[in-house]
Amino acid sequence: MAKTSLSRLFASLSEHSITKPSFTGSRSDSVTRSAYNSVTRFVCSSAQETQLIREERSNEGDREAAKENLESVNKEEDEGEDGDHVNKETGEVGGPKGPEPTRYGDWERNGRCSDF
Amino acid sequence: MAASIAYVGGHLQYGVNFCMGQSYKQAIWVPSVTFNGCLQRELSWSCGVSKFLQIRKCNLFQSRTNENWKSFGTVITSAYLRDGSTKYFDFAVIGSGVAGLRYALEVAKHGSVAIITKAEPHESNTNYAQGGVSAVLCPSDSVESHMQDTIVAGAYLCDEETVKVVCTEGPDRIRELIAMGASFDHGDDGNLHLAREGGHSHHRIVHAADMTGREIERALLEAVVNDPNISVFKHHFAIDLLTSQDGSDTVCHGIDALNTETQEVVRFISKVTLLASGGAGHIYPSTTNPLVATGDGMAMAHRAQAVISNMEFVQFHPTALADEGLPIKPKKTRENSFLITEAVRGDGGILYNLSMERFMPLYDERAELAPRDVVARSIDDQLKKRNEKYVLLDISHKPREKILSHFPNIANECLQHGLDITQQPIPVVPAAHYMCGGVRAGLQGETDVHGLYAAGEVACTGLHGANRLASNSLLEALVFARRAVQPSINHMKSSSLDLSASSLWTCPLVPKSLGSDVMHKILRITKEVRKELQSIMWKYVGIVRSTSRLQEAEQKIGKLEAKWETYLFEHGWQQTMVALEACEMRNLFCCAKLVVSSALARHESRGLHYMTDFPHLEESKRLPTVIFPSSHTTGTWSSRQLHQQPIVNSMV
């Protein structure tokens, strides 16, 4: 039943799968407890790995963002026509600064989601 | 050019004769005619003649100096009938979001347009749609890919032809918006910058920084305001469609509205009506929708005998900030929810119930990283099982600087209410966001009622199926608003209406006679009843459903409605009386019941609709849910039009 695989945990949130969650109406508590613990431990360790990887990515992202900001400031000084922010990675002009709003599938700015 | 107004019998008929060197079909349609000032004098002559028809004002718009007689200036005349005023237009548009405005701008080239909107024109779901519009604009992308993504997201319930049409026509609609002045982000290569959202396999989201909807709304409103053929009636709340029977067909002739600023009823007679009134988020207590989204269009259409479809597919966002859980509650109820992004979970946020048990692993091995719909169901299940109001999303185990730099918006909002997200978990609850169902509309935006079209969130075109793909809603509105244009023009040209028809429907009545004391009581009770309805909907018609809970909802809603109506009528309220809060309430009841009936009818789980007693997909049930009009001789105040339906053949 637990078709767990690390690859699924690392899968991006943009996956649209028609899953059929089973709701715990009929499970007994004891079964739940032990299954929960082992699943939790498993999930936690891989989640930690996920978190680590995401942290590394976001560290990179931060470094890059910092670089971007510096560079965009320079670019803004250079640009004659408009002071629009240019995203170094994507070449987007006038877009939202900071991390890519859609990086987790929804549209977010500074933590607030406005589209999904 | 000469205009003559003949007063015939007890009815006012406008006969217009054009001498322009071209044959002109007698359309008897005042607003389609260009005048140069002579009309006013003639109208005032007929003022004293009729005892119950008074022409109070006549507005003359500057006609465009244009040889082509097809482009008209607008003349609006108001004839007061007893205690209301009547306005005549070729096209009436209900709603001022992207669908309504886009449509208005096109049909205005062929006739006069009234846009009827219940608040300020920019107050619409469109304005709050900040993410983007999806369209195939990249050479490496394809219509087939967009179609596939849409159909998969819709759990295979989408109408394939509709999907094809929308995905194919999307790019052109975007280009038109740009031509109209909407400013979208572009790359430094000059091409549109396309983002990629969840569910899309290509980059195809066009956006304007992070306020796409607002930008589109701005561009369209600007064009509308500058269009001499379009009149915007803001703060006009649409009450009911004016319909008649022509044999077995129902025909729409316009709409009654209440000017909520002056408390006057205005009757709009139009050859064509477009419903673009948006969603119904406020049938639930927690919603991302602005206050205007009370399902008015769906309710009016249902009362007018239009077919409603797929109302069970209500999209929720799993993690809206739960004000209940904040140490310092907001002073007034938040009008639309603050959604906490998936990024919080993506960055390691953990969900706990109020006993600090991490529950996601019970539902899915991906835990917090499971797809959004799974997370929404899990949260809902926990809340219902434990009878709690919210769950907790904890990111406090992450470094403080990371939290503050990634999520400053959440941090600030919470801090203002006494919560430090670097130390404490965030209270969250699912919020209703989008109605995938609505008034059944065909490929031309046509409904089952002749002369009535629908576009945008109010319509059910078959695009979204059982679940909406991100950024497809603005796209749907644009495509269908455009598609409804030619059929509307054709319908308008082939229609002629006896203007005396206006007196065939009883006029709505403003409840002045009740007195302020009684009104105050009624308003207070209505406010409580609204909260109660929302509570029932959330508790029994939430994300995880079951037949028994839905049946309970049906019972409770029925009782609540009866209780409310009895209270009203006991206090002197009459069948034809109207007030904003009461009319919204009857629309909310109507929509809530449509959602419950639809949910009860689907014996499977698909997309947004999940039933614990039918937890699987059933191929044989891969069909839309359709609600046919109920008999209008029985039923509650919310399910009947205010007026009687005349049965006349001479109307069309």
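In which helix of chain B is B:T162 found?

Author: Happy to! This is a predicted model, where local features need pLDDT of at least 70, side-chain atom pairs count only at pLDDT 80 or more, and totals for chains, interfaces and linings use all residues. Residues are numbered from 1 along each chain as its sequence is written, chains are lettered from A and ligands numbered from 1 in the order written, and side-chain values use heavy atoms, without hydrogens and water.

B:T162 belongs to helix 5 of chain B, residues 160-179 (helices, H or I, have at least four residues and strands, E, at least two, as DSSP runs numbered from the N terminus). B:T162 counts as buried because its relative accessibility is 2% (buried means under 20%, with a 1.4 Å probe and protein chains only). Beyond its neighbours within four places in sequence, B:T162 is in contact with B:L443, B:T461, B:G462, B:L463 and B:F480 (heavy atoms within 4.5 Å).

Now for a sheet in chain B. Its four strands run in the order 23-21-15-26, forming an open sheet with mixed pairing. Strand 23 (459-460) and strand 26 (626-627) are the edges, each pairing on one side only. Strand 21, residues 438-440, pairs with strand 23 in the parallel sense over two bridges (pairing takes at least two DSSP bridges). Within strand 23, B:A459 is the bridge partner of B:V439.

Notes. Buried < 20%, exposed > 50% of the residue type's maximum accessible area, 1.4 Å probe, protein only.
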